[in-house]
Structures are given as structure tokens and as C-alpha cells.
Amino acid sequence: MSASAGPTTPPAFSPTGTYVPGEPWSSGVRRGPDGALTVAGVDVRELAVAQGTPAYVLDEADLRERARSYRRAFEAAFAEVGAGVDVYYAGKAFLSVAVARWVHAEGLRVDTATGGELAVALRAGVPGEHIGLHGNNKSDAEIARALDAGVGRIIVDSLVEVERVAAASRARGGAPAPVMIRVTTGVHAGGHEYISTAHEDQKFGLSLATGGHVATGTGAQTEDSPAMTALLAVLAHPELELLGIHSHIGSQILDPSGFEVAARKVLELRAALAQRTGFLVPEVDLGGGYGIAYLPGEVALDPDRIAKDVAASVAASSADLGTPLPRFSIEPGRAIVGPAGLTLYTVGTVKPVRVGGPDGEAGSTIVRTYVSIDGGMSDNIRPALYGADYHAELANRLSDAAPVLARVVGKHCESGDIVVHDVLLPGDVRAGDLLAVAATGAYGRSMASNYNHVPRPPVVAVVDGGTRVLVRRESEDDLLALDQG
């Protein structure tokens, strides 16, 4: 429930054990007759005993099916218009050795944003040619590692990086380094300013906007955009292979029109480069950012719909421009791993707090029940960072108590340490109960910290009634091992 929704009755799980909750939960979540949640046949109470809490729980079958759905939807839709497409899993959402293996087994490639993510993908056995390397400030070591691993593409993010990749490639004396130029299209999309990545006033990419006019011997001439300048610079370097143009407009996008507008702009740039140089770049990457449901009643972007809409749009744009279709690629991350995960917590302190009325009128109060859990902003920073909304459910038992307006908060020394801003929970919620927070597979563990020296939780995979630890829980020994005194 969003903060503005007010205290209404939340969607309830059926006690029959046959009801599939649906979004925002993974497809493997059920509630049994005794009220306990199960994930892929695993009772969360047993999981809590075996692994402790907090714990990230990842539904392997659900994740794999989402990966397959995106690949199949885009392959089918783009084949209809005569174009090929590759689907890259955006590892920044969450990457582990097992997850990299799963998505690659489902036919996806892997997109990495740092040397660390690249190391994980390589450890998983993903071939270098199926890996891309992003980053607005790649180190020389990261560029060298990517070239030595034979990555399929390096996404260049600045003019100076063109020279740095060229120098690294020249030093190796091998085949030209395959690069894409990341451009900012000016299309604003995404759920929050911090995750909207295609407007000009931010750190990513090279703008399509021109800088005005410059004087030449034959009069005034329009100055090249930074994006065009970078493309021309790559073509001037024999050590580089211009593989394509890359665009990423934001994250948690629920309106598909932004993808279509951005794709048109990128295809126009491709056509302009071809008209000027005779070189038609072979690939265009349309990025990711496909939105998911975080709350009951929300609807995620449908892979089939977005694939068909974007494919039709790029086909029409290419026809208008008189250029053949390139090969395309996309980069879903959150859309694959986000709904596949939940976080399991144990309740500690429960504290009813009287607060002012919604309009601040004198004498008007409401009671908000603060439900403290054994994790918090160190395992899910998104509510504090973005104001992100999540949904929680009592996970270990049934309750017929009347619902109360609750705020799920963490154990950290910050008043902003909130995991769920407003949700209705049973009025008898108490210490020792388990709470499950839905759709935490993306940007939970990957953005986790050790704030207040709290060890990070484990990532536990569940499939066919069994569990496997993918990333173990950190210990105090892990924390102290880094402290050299």
C-alpha cells in the first residue's frame, strides 16, 4: 500500500493453500492452511530456523521463467520485423555466480557495470563474447581486464574514454576492441530523478544535443553533438571497432512510449552517421528499465506487449529513414530478478505511536504501529534513497485480528530507516513473528551495506522444495577481518 492510500483493507491471502498471490510476489509463493508462507514448496518458518533472518529468498524457477519470457518475447517480435535481438541481463540489479549461470543457461548474455561484476560473470563461466562492460568512469585496470577477457562490447561513456580504450587496445596489438557509444537522448523516464538516466544534466553518456554554430571558411556550420563527435572519433581509430550505439533512458519505467521515442532518436543518429561517413553501425542497444509491480494492484510491463510495440516502432522509424534495421539488444535486470525475490525478517519491538491527523487539525490523531525488524536500510536502502514503496505480509501464521496501520522499520540509528512506509498488518503482530517483504530481488543485496556494522544477509535460492545458499551470511569475523587496527 502506498503512503497516500490510507488504512483500507489490504488484499488477503486465501487460507486454502491453493491461492497464488501473484504480483508483487513470485509465482512460487503460497500461503498454507496454517497461515505460513511457502516459496517453491519451502516453508519460510523452516527457512528462518535453518538460515536465520534477515534473509533474501530467491525463487529460482520464477527468475528463470522471467528470463525466458523476455528472450522469447523480444526474439519473436523482432523476428516479425526482420531484425535480430540479444537480451542482456543487467547484473547491477543483482549478480552472483549462480544467477549469472542461470540467466546464461536461459539464453541471455550478461551486462556488467564494474570490474567486480565482470569478475563474477567470468567466474560463472559466461564466455567473454557474451559479456558487456558499462561504467561512466572505468579504470584502466577494468578496461584491460575486459579486453583480456575478450568481452563482446565495451560501452564507451565519454570522449576521453575513446582514447583510453584505444590506447589499451593498441598496447595489446590484437583485434580492434568492440565498442558502443552510450548516448543521452533527452527522453526523461523512470520512477525517480536518480534513476532517470537519459536527460542531459547527469553523468551518463554523450548528448545528442548540438552546441550551436561554429564559424568555418564557408560560413556558419552546426557544431557536432558530443555523441556524433564520439562516433567519429571511434571510426578514426583503427584499434577500435564501432559495434553500435547504446541508449538507456531510466529505470522502473511503466510507460513504454519512452522506449519508442528514444529508439527513434538513436536510429536518426545512426542514419546521420551513415550519410556523413558511409558507415552504418550494425547494432543498437535500447537499454532496460522495464518496471515491475511492488504493491498489490500494480501491473508490471508485459514483455510481449513492450516487445511488439518497440519492434513495430523501430521498423517504422527505419523505413522512414531509409536504412536497414540493425541488430538490437536490450538489458532487463530488475524485471527478471526483482519479483523473484523476497526478504524474510523477524519482528522485534512493536510500538504504537500517536501522530497528528492527516491535515494537522487540533485534537485529531491517528495511531501508527511501528513494527521493528532485524534488518533495515542496510539490506534495503531504496525506501530511504528513493522513497520506494514495498509491501509486507505476516508470514508465519494466520490472524483474525483487525488490521492496523503499520510502518515497518529497521534497527539502524536513523529515523529514515524505513522498509515499508505504510501497510496494514494484523493488530496482534508481535515479537517473534516473521514478515515477508515482496519484490526485493533487485537492488536489495546489490546495494546492501554494513551500516552500524551489521553483517549483510545471505541469499538463499529455493527450487522444488529445496534450498541452497548462493551468498552466505556475513559474520562479525568478516567485518573484523577488514579492520587492521
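Which residue in strand 2 does Arg31 stand opposite? In this predicted model, the residue facing Arg31 is Leu37.

Arg31 and Leu37 are opposite each other where strand 1 meets strand 2, residues 37-39. These two strands run antiparallel and are joined by 3 bridges. They belong to an open sheet of 3 strands in the order 1-2-3, paired antiparallel. The edges are taken by strand 1 (29-31) and strand 3 (42-43); each has a single partner strand, so one side of each has no neighbour in the sheet.

## Backbone geometry in loops

The peptide bond between Thr53 and Pro54 is cis, with omega at about -5°. Pro54 lies in the loop that runs between helix 1 (44-51) and strand 4 (55-59).

For His453 the angle is about 55°, and for Asp464 it is about 50°. His453 sits in the loop between strand 21 (434-438) and strand 22 (459-463). Asp464 is placed in the loop between strand 22 and strand 23 (466-471).

Glu60 is part of helix 2, which covers residues 60-80. With a relative accessible area of 13%, Glu60 counts as buried because this value is under the 20% limit.

Which residues does Glu60 contact, leaving aside neighbours within four places in sequence? They are Trp102, Val462 and Val463. With Trp102 there is also a polar contact between the side chains, at 3.5 Å. Ala40 is 20 residues from Glu60 in sequence, and the C-alpha to C-alpha distance between Ala40 and Glu60 is 8.6 Å.

## Buried residues of helix 7

Helix 7 spans residues 226-235. Its buried residues include Ala227, Met228, Ala230, Leu231, Ala233 and Val234.

What covers these buried residues? Among the covering elements are two helices, helix 6 (159-172) and helix 8 (257-277). Strand 9 (177-184), strand 10 (206-207) and strand 13 (240-247) are also included in the cover of helix 7.

Notes:
Residues are numbered from 1 along each chain as its sequence is written. This is a predicted model: local features need pLDDT of at least 70, side-chain atom pairs count only at pLDDT 80 or more; totals for chains, interfaces and linings use all residues. Side-chain values use heavy atoms; hydrogens and water are left out. Helices (H or I, at least four residues) and strands (E, at least two) are DSSP runs, numbered from the N terminus. Two strands pair if DSSP finds at least two bridges between them. Buried means under 20% relative accessible area, exposed over 50%, partly exposed in between (1.4 Å probe, protein chains only). Contact means heavy atoms within 4.5 Å. A polar contact is a pair of N or O atoms within 3.5 Å; within protein, one must be able to donate a hydrogen and the other to accept it, and residues adjacent in sequence count only if both atoms are side-chain atoms.
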